[in-house]
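Here is a short briefing to read alongside the structure. Have the sequence and the 3D view open, and let's walk through a few features together.

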Amino acid sequence: MTKEERITTENAVDRYADMVYRIALSQMKNRADADDLFQEVFVRLVGHIHEFTSWEHVKAWLIRVTINCAKKYYNQYWNKNVDYIEDTEQFQGAEAYEPPGEHPVRQAVARLEPKYRMAVHLFYFEELSVAEIAQITEQKESTVKSQLHRAREMLKDLLKETG
């Protein structure tokens, strides 16, 4: 590997910060939580950077850790039982795609349940294959295909509602 291709934390942040932040925003209920998740993922990367042999491995690891951290966040008692006082604090992942009001498809994606939103996000926005998504999310390919199919049906209904 050349010096530019060397796998370091700094190079990983340069390459994948946008991707990790988009995934964090798509899963969290507000920007502050997405910021915390983003930071936690890259802090964890520091301790594991020496384990990687390819950039594909780094990318898959970052996606998996981001998903796991989001799940861990939502499994905490506080986060299961707290409601935000103002709806303006919540954006349900819409900012991961575009500012609210800009694009109806992206707004519809933001309204999906997290498991469907993640499948759609990884497939369409991060351009991963079904096989890659299945490997990263530790699911069967048929499960990912089913989630994508159901998400498309839900998106069709949501888009009909909004006109």
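Taking contacts between residues at least 6 apart in sequence, 65% of those in the chain join residues at least 24 apart. Keep in mind that this is a predicted model.

**The chain as a whole**
- Along the sequence, the pattern reads α-α-α-α-α-α-α-α.
- Of the chain's 163 residues, 41% count as buried.

**Helix α2**
- Helix α2 covers residues 31-48, which is 18 residues.
- From first C-alpha to last, α2 reaches 26 Å, close to the 26 Å expected at 1.5 Å a residue.
- The buried residues of α2 are D33, A34, L37, V41, F42 and L45.
- Viewed down the axis of α2, these buried residues fall within an arc of 165°, so they line one face of the helix.
- Q39, V43 and V46 are exposed on the other side of α2.

**A look at T66**
- T66 sits in helix α3, which spans residues 55-75.
- T66 counts as buried because its relative accessibility is 0%.
- Beyond its neighbours within four places in sequence, T66 is in contact with V20, I23, A24, L37 and V41.
- I23 lies 43 residues from T66 in sequence, while their C-alpha atoms are 7.2 Å apart in space.
- The T66 side chain also reaches the backbone oxygen of L62, at 2.6 Å.

How values were computed. Residues numbered from 1 in each chain as written. Predicted model: local features only at pLDDT ≥ 70, side-chain atom pairs only at ≥ 80, totals over all residues. Heavy atoms only, no water. Helix = DSSP H or I, 4+ residues; strand = E, 2+ residues; numbered from the N terminus. Expected span 1.5 Å × (residues − 1). Buried < 20%, exposed > 50% of the residue type's maximum accessible area, 1.4 Å probe, protein only. Arc of directions from axis to C-beta. Contact = heavy atoms within 4.5 Å. Polar contact = N/O pair within 3.5 Å; in protein donor to acceptor, adjacent residues only side chain to side chain.
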